[in-house]
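We'll start where the chains meet and then go inside.

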Amino acid sequence: MSQQAEPGPKPRYHRLLIGFNHHTECRSVLGFAAQVSQAAGVELAGVFVEDQDLLDLARLPFSAEILSSSRQTRNLDFNSIEGELRAIAWQMQRSLRILAERTKRQYSFRTVRGHLLRALIAQVEAGDLVLLRTACVPWPSTKPAMSIIGDIRGPVVLLEPPGSGNGNLVALAQEIARIMKQELVVLREYSGPQTLRSLNAGLIIAPAALLSADAAGNGVEHFVDAAPCPVLLVPETG
Amino acid sequence: MNQENGKSEKRVGMLRAPELRRACESGCLGFVSTDELSDPAHVFGQDRAINAIEFGADIAREGYNLFVLGEPGSGKRSLVRQLLEQRAAAEPPPSDWVYVYNFAKPHQPNAIELPTGQGVRFRDALAHMVEELRTAIPAIFDSEEYRVRRHAIDEKIQERQQAAFEVLEKRASEKSIRAVRTPAGITLVPLRDGELIKPEAFEALPEAERKQIEADIQELQRQMLQTFEQMPRLEKERRKSLRELNHEFANYAVREIIDEERAAFSEIAEVRDYLDLVQADIINNIQMFTQSQEMQEASELPGGGQQEGGDGMAQALLGNPFHRYEANLIVDNSRTRGAPVVEEGKPTVQQLVGRVEHIAQMGALVTNFMLIKPGALHRANGGYLLIDSRALLMQPFAWETLKRALWNRETRIESPADMLSMVSTISLEPEPIPLRTKVVLFGEAMTYYLLSAHDPEFQGLFKTVAEMETTVDWTPESEQAFACQLAAICRAGSVRHLDPSGVGRMVEQAARHASDAEKLSIHIGHVADLLREADYWANKAGAELISAAHVQKAVDMREERIGRIREKSQESITRDIVLIDTDGARIGQINGLSVLSIGDLSFGRPTRISARIGIGAGRVLDIEREVELGGPLHSKGVLILSGFLRERFGVASPLALTASLVFEQSYGGVDGDSASSAELYCLLSAIAEVPIQQSFAVTGSVNQHGEVQAIGGVNEKIEGFFDICVARGLTGRQGVLIPSANVKHLMLRQDVVDAVGGGRFHIHAIDTIDHGIEVLTGVTAGERQSDGSYPEGSINARVAARLANFSRARKSADGRASDTGERI
């Protein structure tokens, strides 16, 4: 009588949540997100966050912006900003749709107003993965946007607390590393961003609990700000 | 044919049968078959033309191009080819030529001359070089060393950028202000406890604080603008550093590979210079080589991606940017032995000077130097180019283009469409190639003379003329040479050989074609055609050799094939639709003879000429001329008649005669003066009231002294009347009067000769009108006596008497009119 092999943990993830705001660097995560969603076998779910701070700012009487293309100054106007954000959202949605069709993934898209990470975390449901990249550098980069995708190189780093025994998370990390043709490094002791930088990580996969996020997602925000690469947050590890 | 001291003796009177056709003594030819004869060195009888061609080919001076003139089929083309190919074989093969990309002016590709056979090597070397570079350059730019140095440049610039912004951030932070990205740029926001001040909270602040915040933000904005203004400079520095880095690495990779080719072609300065340009261009456009393989492949597809940084021309053309480093080998003499001899059968402008082809791409016509195609002048450069002048002149712009090339001594690729600005598209102006070609034009004499008369540049460009001879003297030596020529045609055309009788008959037919019993036509086209047709009949008969019978059969069958119109013409006479008497006698009526030529067919036919006279002012009225059916030569002949009458009968008193002459039932034009003697006979008959025997037909022109002069087509004219007489039955009284000067031209059909030999038909050689009128009327013409009168009863006496009567009647009438005030 043969002993039947214990069935492996079934993936429980349904969506990959990707957050966008008006920063152009956000778009560079799209290709990467498609790879991850393929690896995880999940739907692509885009969330465009209209930056509340920006809208508030536009209502201040003296607010002005320096245009990055012409280096000219112009007054900020609430209606104009709102229109521009909608236009960017439309472009993002279109890009996501094209990508989803190309990779044969289902997709969804919604627009919310708030702060990027907080608004994104607020959208998380059970079975979601969250791809985070703050891209909040205030200054226009001299690097072309395309090169950011090219920079996503290096091992997939899985932050796994000792004894968690999360088979689903490991299986997911293995699959992603395989598809991305990268090494998988399992890190059981996380001592801060310096560790991740020394590993030259290409993607960090972390359970949400490990990052001790508060209800507003502030812990996560701090982690993502410090991370040198995109972070795939797994809110509920089952 | 009696010849003494090279001058023919005039033969007058009734001719004997042997005088009507010269036979070739085939028994004296001295062979059994032409197969025994060797080929002649050249076409025989063309020594003058051969000397001219050799002179023209030999003289290496400007403008000494050749014009070879002769009738179509005279063998001029094969003669020129034979002579030039013999000559070219001993000359060195010319250089190779390639077109390469012009990096400074892409629309003007450069031409490079290479030693014979080096063109292929150069082209292949460039292709190999590009292949190597496409492998070597990406490898260099993918090296760890390059990555590290490039990263260092990026880091350095980013650090400076970051440092500049950190200073700004620090100042902002000190004033509780933060920079925030907007969709289109950047802005500064006031903070309170690390958070943006909401508009409502801002409004609630004391005015002084609000003003301070506003002032701080404006000051920071000013500083920010200053920082931003540094950014393009930093970016420029980055690009410059990157360019220098790329240049350094590219130079290392490219120089090593190109140096190999430079060494291989070190003897050719133009190639060395070109390779320097290639090296510089590759380094300047190194990104073409560093693209990923996928992008390269995509760019090589029609309409594929375009490169960054290249000049627009190459990008817009064929999609493959590496074409610019290739060589378009337009003249390859690697397999040429001797100098080229090129014959261009369709001398359009493009066929002559080459063309620039285009391809359709995205609805536009584009091209590049690889689409330059050579013309005949390129292929014949350093050798000889043979062109038919008529074909050349019929092609738009071709003649002018050829002349321009010869004057300028260079081949410049031009398009008629460009000349007329008909097509608006991207095109090229390839660098002209020096021209060292001897051009040989073929053409008919008329073409040559027209060009000489109307094109002032022609004589300066075609200073050597070679004229093909049409006939040679018929001598025993020329018979032998003719036989050798036949042997050569037999061998060249896979035609069976001839026996002596066949050669003899061919010789006779050549004399007939020359319309001269003392000359042989050496028109190779006609000879070869007849020989091929005789071979056909010999084959039908199962004969091994072509004999006289086969040649005769070929002649007869050709006559029959083309003879429909002649038969119809004769039938209209024999059925009395066209009225021609061949018996009886009539006053003021005679049978003239004319020749009709339609295509290959040429035949004689009689025409009734009639004359009517009356009292008048001494004018001979040419009805043909009055109705504009007579040509100038015919009118001249008629005017000569008036001169003859005045000279002979109008000395004592003015001619008081009005005469009208007409070609009966002639509905087409009449030209030539060969009927002028017949018209004069007819006129004399009408004046003298002496009938002319209608069993005769007459040909010959006449001068004002009454001398009968030679005409053309004598054989056809005699045979034309003979055939009518045969159809009606030969009576033994019928015959033709011909000028005695034409006796030497007689090469009549054998049936005519036989009829004359049997006394059933007669041919009279006539030298004067007096002689002719006696034959025609049987009445003595009468010689002028010392007192100016003519013997009683003679033709001339009757004419003189009749004209004197007219004169008196005219005077009488004039007197009456004067009395009554009337005018006649």
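## Where the two chains meet

How many salt bridges are there between chain A and chain B? The count is 3. Keep in mind that this is a predicted model, so everything here describes a computed picture under the 4 Å cut-off used for a salt bridge. One of these links pairs the side chain of B:R178 with that of A:D53, at 3.9 Å from N to O. Helix α2(A) supplies the largest share, with 5 residues.

Polar contacts turn up here too: 6 residue pairs between chain A and chain B make them, counting pairs with both residues at pLDDT 80 or more. In terms of plain contact, 35 residues of chain A meet 38 residues of chain B. The size of an interface is often given as the accessible area lost when the parts come together. For chain A and chain B, that buried area is about 3,200 Å², and 61% of it lies on carbon and sulfur atoms.

## Chain B as a whole

Now for chain B on its own. Its fold contains 29 helices and 33 strands. The chain has 824 residues, and 50% of them count as buried. Take the contacts in chain B with a separation of 6 or more: residues 24 or more positions apart account for 76% of them.

## A phenylalanine in a loop

B:F31 sits in the loop between β3 (13-14) and α1 (47-58) of chain B. Is B:F31 buried or exposed? B:F31 counts as buried, because its relative accessibility is 8% and the cut-off for buried is under 20%.

## A buried lysine

Next, find B:K403 in helix α14 (residues 398-408) of chain B. This lysine is buried, with a relative accessible area of 3%. The side chain of B:K403 makes a polar contact with the side chain of B:E400, at 3.2 Å. Beyond residues up to four places away in sequence, B:K403 touches B:D455, B:E457 and B:L461.

## An enclosed helix

Helix α28 of chain B covers residues 769-777. Because 7 of its 9 residues are buried, the helix is largely enclosed by the rest of the structure. The buried ones are B:I769, B:D770, B:H771, B:G772, B:I773, B:L776 and B:T777.

## Cysteines and disulfides

B:C490 counts as buried at 2% relative accessibility, and B:C725 is buried with a relative accessible area of 0%. How many disulfides does a search of the whole structure find? Over all chains, the search finds 0.

Key. Residues are numbered from 1 along each chain as its sequence is written. Chains are lettered from A and ligands numbered from 1 in the order in which they are written. This is a predicted model: local features need pLDDT of at least 70, side-chain atom pairs count only at pLDDT 80 or more; totals for chains, interfaces and linings use all residues. Side-chain values use heavy atoms; hydrogens and water are left out. A disulfide is a pair of cysteine sulfur atoms within 2.5 Å. Buried means under 20% relative accessible area, exposed over 50%, partly exposed in between (1.4 Å probe, protein chains only). Helices (H or I, at least four residues) and strands (E, at least two) are DSSP runs, numbered from the N terminus. A polar contact is a pair of N or O atoms within 3.5 Å; within protein, one must be able to donate a hydrogen and the other to accept it, and residues adjacent in sequence count only if both atoms are side-chain atoms. Contact means heavy atoms within 4.5 Å. Buried area is the accessible area (1.4 Å probe) that two parts lose on being put together, summed over both.
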